[in-house]
Amino acid sequence: MPTTEATPLTRKDFQSDQEVRWCPGCGDYAILSAVQQVFPELGIPREKFVIVSGIGCSSRFPYYMNTYGFHSIHGRAPAVATGIKMTRPDLDVWVVTGDGDALSIGGNHLIHTLRRNVNVKILLFNNRVYGLTKGQYSPTSELGKRTKSTPHGSVDFPFNPLNIAIGAGATFVARSVDIFMPHLKEVLKRAAAHKGSAFVEVMQNCNIYNDKAFAALTDKTGRQQNGLYLEHGKPLVFGDNQDKGLRFTGTDFEVIELGNGKSADDCLVWDEKHANPSLAFQMASISTGDGLGDFPVPLGVLRAVDAPTYDAGVIDQIDELTTARPQTLDQLIHGTDTWTVDAGGSVHRGAN
Amino acid sequence: MTLPIAGQTDAGKAAEARVSDVVIRFAGDSGDGMQLTGTQFTNTSALIGNDLSTLPDFPAEIRAPAGTLPGVSAFQVRIADHDIHTPGDAPDVLVAMNPAALKANLRDLRDNGVIIVNTDEFTPRNLKRAGYESNPLEDDSLNAFRLYQVALTTMTRRALEESELDVRSKDRCKNFLALGMIYWLFSRPLEPTIDWLRVKFRRRPEIAEANVKVMKAGWNFCDITDAFQVRYDVEPAKLEPGTYRSIHGNSALAIGLVAASRRSGLPLFLGAYPITPASDVLHELATYKHFGVTTYQAEDEIAAVCSAIGASFGGALGVSCSSGPGIALKAEGINLAVMVELPLVICDIQRGGPSTGLPTKTEQADLLQVMFGRNNESPVPVIAASSPADCFDTALEAVRLATKYMTPVVLLSDGYIANGAEPWRIPEVEDLPDLRVDFHQDAEGFMPYMRNQETLARPWAIPGTPGLEHRIGGLEKEDVTGNVNYEPENHDHMVRLRAEKVARIANEIPEIEVEGPQSGKLLVLGWGSTLGAITGAVNQAWADGLTVSRAHLKHLNPFPRNLGDVLDRFERVLVPEMNLGQLALLLRARYLKDIETYSKVEGKPFTRDEILHRIQQMAGA
């Protein structure tokens, strides 16, 4: 298939002619902007990108990207994307989804796509609320949340999206925040470079139905105080003046104040490539993600391990068998046991 | 036909009698290998050149408690020296491996029919399990039949005295003892089954040889003893010249899809989730990877259809295959394909329902589901296969319509033809329809929802094509541009446009043909798998001097353009259906014509005689 010459692409090349219709102030604008800035830097021709979404505010995303796009049905984007990637490995396939789309109605497709390690990138915009249906609680809404469908407070225990992904065996799991532009772009680039399913949770503010859900993390002081910026091979240090750290006791993480004899050397050195996912799972569990707990919010790459992808496995089998077992359509149709009736009406075993 | 009881010839040799047609039913526990036994008999008879038709009938439980009525599995095969259309109404021969198999099948057996029973299984315990109060082999209850009592298990063990197999493995060979006897009784060669066993168990030759030995023992038992006074032969049928194979419906469907893939140049993608009786299509296509076939056992029915839609978006031939309950789950996905106007083939191998219903039994009651079981105005072409071999042609037709009109197409089959087999005259590849597809390439003036003026199809523009980047989705489209649009006039226009696109298919599909008088008192109109029983019944009615016509529908949406005229030419129209009148409902609504429904929803196909009796009532015999 012909592709365009490798002329440098710009952010503008990825902006579609459609008017963006998210609410003014929605976190989705920032994420759209980040993606439009990152895509031109990936060295991939524009026509090779496909963005697939489900239903929800976030799922309008493909309409605003000047790539191939598919706004599918509620929760099913990973399934559509899997079908695309299995038959068109040359395409760069991205799924954009939300907390309701991916974790409620589409939970089954999400876990199985991650389990298989299909080489697609999944961006989950987590705003902890149903926005498009005007404000019901979601599977990531905190306990006690009052919404239109939980007027007396939710008694429904929430999911931690990172734990779902790690539990499903995802080979790449990361988290960023809508308005942390440089960090978000860096995480997106890491996801793009990963071979296999890349799961990225983006904390996203819904200023209409769940405003300031992540304010403790995203406001001026929260960014440093409550964000734990994971870096592979670096000790887990955070806080206003990098004055706190995380130590691993063998069973749990604990926050330590640095100084007074304690230094970064006492903190766990983050290993995103650790084969056993338990530590990443435990890291994801230290915070619900809003910055309101005793622990900081882990941001960045929690897990990035190499593993064979499902789509490559499928295609390898087809390639191998196509070479190993050449057969014509005529042979297939005939099968192994035939008989022939000749013009005189006599019958003999086998073909003519 | 009734098998003749010829007198004994001299020297104690059995007499030989030629019969034109025989129906045999093998019945036993679901672990007794009855499906396999019946299939072997079928394949051997096919290679002899008989016309044939099969009706497997097995329980939904993999291994129901041994010896009980729910655990009985049966396989009926009819072989003939002439053209036949059904697996036969009543067996001439019943092989019953235990009391339950006898009890469950006896009522169907023809008077004076042959029963071969395994006496070893007629123990007090097994008789009780089957609900017998006294042993039918000892009371007079089987006097109307020709009963042959054979100690199959004992004989099998004796034949394998020198084998190293354990007793359990030895006993599992006993179905081949029965098969050997039936082969002798109907003068069939053993070689095709011996060849098959040696290939099938090439890694366990001791199993293959044990079965060969037991089968030969069964044959020799009949040949040496005078257990049977008569031996039968069924000559080859006078089939049209050509090369044939025996084929099951699901197999024909799988091969048809591969053929369509080759003829269209599109790689085949099957998204499926296991479900009876459709799983065999997945199983078979999974063995055709060397034809570039991708099979995807998805996490559920929804993912199965959605992955196929994704594959179609990328330029593959997306197919999803299921049965009624799975089709219900796919409804939203099919509707997405309607909206985004991508080719997609949905195969519905119907079974008894509603709900989980009768998973292994047949029914034709998904017609209205596939027509209307989606939200809003959702026109989808629907076609139905009418016999096992016809599944091949129907698969090609489904792909042709899906790609030409850029639409999901539903292909209806059912458990009866999916699992049934018949001889198939193998077509020449170059005679198959040319299904080549051109993807849109030209960026100049491209709009994702511009249309072919004849078919109203939109262009198939696949990702990876420079300059054609576009977005599709489930929201209403603006005509031509494909942009999201909520305007009232546009929506009204698009709803009508999607309906018109499907309706236009009627312009090119063949007109329905009437067999027999072209007008008159009675037309028997069928669709799908009732073809065999209707054809057999109408042929017999003609032979009996009755005036009746018949016609059969492959295209159910849209209908052939002359259907209304055809209906008007007859005073009465009878529609036999394995449902409560679903086609009749569509016909009445569309043509304002009174239609008489003949319903049967017993989980089994119509017999020829059932339809014949109805014709006799209506045509005044």
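Predicted model: local features only at pLDDT ≥ 70, side-chain atom pairs only at ≥ 80, totals over all residues.
The contact between the two chains draws on 60 residues from chain B and 59 residues from chain A. On the side of chain B that touches chain A, at least two residues each are supplied by helix 1 (34–48), strand 9 (242–248), helix 9 (249–264), strand 10 (268–272), strand 11 (294–297), helix 11 (301–313), helix 12 (324–340) and strand 17 (471–473) of chain B. Helix 11 of chain B accounts for the largest share of this side, with 9 residues. By class, the side of chain B that touches chain A is made up of 31 nonpolar, 19 polar and 10 charged residues.

Chain A is divided into domain 1, which comprises 11–241 + 269–311, and domain 2, which comprises 312–349. The C-alpha centres of these two domains of chain A lie 47 Å apart, and the contact between them takes 6 residues from domain 1 of chain A and 4 residues from domain 2 of chain A. The side of domain 1 of chain A that touches domain 2 of chain A has 4 nonpolar, 1 polar and 1 charged residues. Chain A also contains an open sheet of 3 strands, in the order 8-9-10, with antiparallel pairing. Because strand 8 (237–238) and strand 10 (253–257) of chain A stand at the edges and have a single partner strand each, one side of each is left without a neighbour in the sheet. Strand 8 of chain A pairs with strand 9 of chain A (residues 244–248) in the antiparallel sense over 2 bridges, and A:F238 stands opposite A:K244 of strand 9 of chain A.

The secondary structure of chain B comes to 20 helices and 22 strands. The C-alpha trace of chain B spans about 90 × 60 × 45 Å along its principal axes. The radius of gyration of chain B, 27 Å, agrees with the value near 25 Å that a compact globule would have with 621 residues. Of the 621 residues in chain B, 53% are buried, and among contacts in chain B between residues at least 6 apart in sequence, 76% join residues at least 24 apart.

The domain assignment of chain B gives domain 1 (10–233), domain 2 (242–508) and domain 3 (520–619). The C-alpha centres of domain 1 and domain 2 of chain B lie 41 Å apart, and 13 residues of domain 1 of chain B are in contact with 8 residues of domain 2 of chain B. Helix 1 and strand 3 (51–57) of chain B are the elements that give two or more residues to the side of domain 1 that touches domain 2 in this chain, and strand 3 of chain B gives the most, with 6 residues. The residues on this side of domain 1 of chain B divide into 8 nonpolar, 4 polar and 1 charged.

The largest nonpolar core holds 261 residues, of which B:A27 and B:L411 touch the most other members. When residues up to four places away in sequence are not counted, B:L411 touches B:V345, B:I346, B:C347, B:I383, B:A385, B:T394, B:A395 and B:A398. A second, separate core of 6 residues includes A:C26, A:V129, A:Y137 and A:Y209.

Methods: Residues numbered from 1 in each chain as written. Chains lettered and ligands numbered in written order. Domains from an automatic or database assignment. Contact = placed C-beta atoms within 7 Å. Nonpolar A, V, L, I, M, F, W, Y, C, P; charged D, E, K, R; others polar. Helix = DSSP H or I, 4+ residues; strand = E, 2+ residues; numbered from the N terminus. Pairing = 2+ DSSP bridges. Core = buried A, V, L, I, M, F, W, Y, C linked by C-beta atoms within 7 Å. Buried ≥ 20, exposed ≤ 12 C-beta atoms within 10 Å, placed from the backbone. Rg over C-alpha atoms; globule rule 2.2 N^0.38 Å.
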